[in-house]
Amino acid sequence: MNLARLAAEAEDHGRPVRAGLIGAGKFGSMFLAQVPTIRGLSVAAIADLDPDRARSACRAVGWDEERIDATVILDDGSALAGRDDVDVVIEATGSPRAGIAHARAAIAAGKHVVMVNVEADVLVGPKLAREAAAAGVVYSMAYGDQPALVAEMVDWARAAGFSVAAAGKGTKYLPAYHQVTPEGVWAHYGLTPEEARRAGMNPQMFNSFLDGTKSAIEMVAIANTCGLRVPSGGLGFPPCGVDDLAMVLRPRELGGQLQGRGMVETISSLERDGRPVYRDLRWGVYVVLEATNDYAAACFRQYGLKVDDTGRFAAMYKPFHLIGLELSVSVLSAALRREATGSARMMRGTVAAVAKRALKEGEMLDGEGGYSVWGKALPLDEARDALPIGLAHRVKLLRNIAEGAVLGLADVSLGEDPVAELYRAEVAAAGR
């Protein structure tokens with residue numbers, strides 16, 4: 001609760017926090033919009049495959065030409081990671097392979113890393129966190145994105161002495177969404193393809209939000225960070241509003257929908273027949289608490305928390321997340337407190353690639369939100385040999401795959417793939 005003061009003091013002492021941003025998309029642009037009003041924080045460099053796009057993003061968020069001219073803009077993320085005028089590297093490309101390469105380059109150069117790229121984090125986040133710790137730097141989730149906000153709520157609950165029954169986020173979900181492709185995504189957002197194109201919206205990225213992949217990625221990231229469990233067989237996406245969190249997200253033995261205590265789960269803002277859920281949490285995050293004694297349970301009611309019919313489960317929630325507008329919290333925390341806003345610790349789950357349709361030998365997979373596969377969150381023990389969605393980019397199928405089947409690592413041609421080897425090593429280490 002004192003980051004703003006610490007940042008202002010850093011500026012007063014002539015040592016403002018200097019960030020380097022890799023990836024000038026929506027998340028990065030939202031961060032850039034806030035920087036001019038934060039004392040003690042500057043952006044020294046921006047890397048994007050299209051430097052002109054980065055300059056356009058700066059103008060679009062209100063930067064003047066003087067600020068743009070004072071910022072180094074380049075097309076090489078690894079080069080940015082090694083710059084002497086950067087203290088904290090923000091990885092916001094969305095590409096798992098690029099994210100891992102940039103994070104390792106930053107860590108090797110002694111820079112803190114804020115990993116917006118959850119796709120990379122669920123592949124080898126614990127490995128990157130260990131490398132950062134050995135180098136004496138911070139590897140952090142990105143505040144403003146839902147995994148870091150959930151991790152904060154889980155930490156709050158545990159620090160206050162509660163048991164965590166469940167934690168996660170809300171989204172718009174129906175089972176049929178698993179088969180949606182980029183070609184049909186915009187109707188689900190109430191947009192025409194032309195409107196989306198004019199707004200610069202990427203259909204494959206937005207489809208990954210819809211088809212269940214992004215929810216799977218974020219829930220596994222939370223599980224790996226907080227030591228929570230991934231549901232056997234995948235997320236259930238139960239329809240649930242904020243007033244029913246404590247009733248729905250408790251163990252089945254007590255009438256809820258969880259397989260047990262300490263689970264991650266994503267709730268849907270739609271009933272299965274398509275009707276909107278009353279007081280939904282589509283944009284927010286939650287944690288369900290369990291009182292550890294009768295006195296605490298009585299206090300839940302006395303202080304107005306919505307509880308289940310046993311009185312021992314209650315929920316706290318935040319109805320929104322502001323992604324890049326809040327990202328500076330992670331940047332300042334890493335640089336000034338040397339503290340992560342959530343960081344992967346162990347491989348509790350993985351995001352397995354599942355066939356959206358019958359796939360043929362020789363086809364090339366197209367990753368998150370594409371035409372061929374969607375990502376399913378699974379406990380690691382159920383999916384050690386599954387192909388993670390982060391490796392399902394531009395790889396060739398070696399055999400036919402039935403619609404709905406989980407792909408295996410042996411089903412694709414990975415060749416000499418260092419990222420695949422890193423992933424296999426993390427999976428093996430998690431079994432020891």
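So, S328 is buried, with a relative accessible area of 10%. Buried here means under 20% relative accessible area, while exposed means over 50% and partly exposed is in between, using a 1.4 Å probe and protein chains only. S328 sits in helix α14. Leaving out residues up to four places away in sequence, S328 touches F31, I38 and L41, where contact means heavy atoms within 4.5 Å.

Quick word on what we're looking at. This is a predicted model, where local features need pLDDT of at least 70 and side-chain atom pairs count only at pLDDT 80 or more, while totals for chains, interfaces and linings use all residues. Residues are numbered from 1 along each chain as its sequence is written, and side-chain values use heavy atoms, with hydrogens and water left out.

Okay, back to α14. Its buried residues are S328, S330, V331, L332, S333 and A334.

Now, F31 takes us to another helix, α2, residues 26-34, whose buried residues are F27, G28, S29, M30, F31 and L32. What covers them? The cover includes β1 (17-22), β2 (41-47), α3 (51-60), β4 (88-91) and α14 (328-337). When I say helix, I mean a DSSP run of H or I with at least four residues, and a strand is a run of E with at least two, numbered from the N terminus.

Let's follow β4 from that list. β4 and β5 pair in the parallel sense over four bridges; two strands pair if DSSP finds at least two bridges between them. E91 stands opposite M115 in β5. And β5, residues 112-115, is covered on both faces: H112 and V114 on one side, V113 and M115 on the other, all buried.

For contrast in topic, here's an open sheet: three strands in the order β12-β14-β15, with antiparallel pairing. β12 (364-366) and β15 (412-413) are at the edges with a single partner strand each, so one side of each has no neighbour in the sheet. β12 pairs with β14, residues 393-397, over two bridges in the antiparallel sense. In β14, H393 is the bridge partner of D366.

One more residue: L210, in helix α10, residues 203-210. Is L210 buried or exposed? L210 is buried, with a relative accessible area of 4%. Setting aside neighbours within four places in sequence, L210 is in contact with Y177, V180, V185, H188 and Y189. R158, on the other hand, is 52 residues from L210 in sequence and 31 Å away in space, C-alpha to C-alpha.

Let's zoom out. The protein has 15 helices and 15 strands. Its radius of gyration is 21 Å, close to the 22 Å that the globule rule gives for 432 residues, so the protein is as compact as a globular protein of that length. That radius is taken over C-alpha atoms, and the rule is 2.2 Å times the number of residues to the power 0.38. Along the principal axes, the C-alpha trace spans about 60 × 60 × 50 Å.

Buried residues make up 56% of the 432. And of the contacts with a separation of 6 or more, 73% are between residues 24 or more positions apart.
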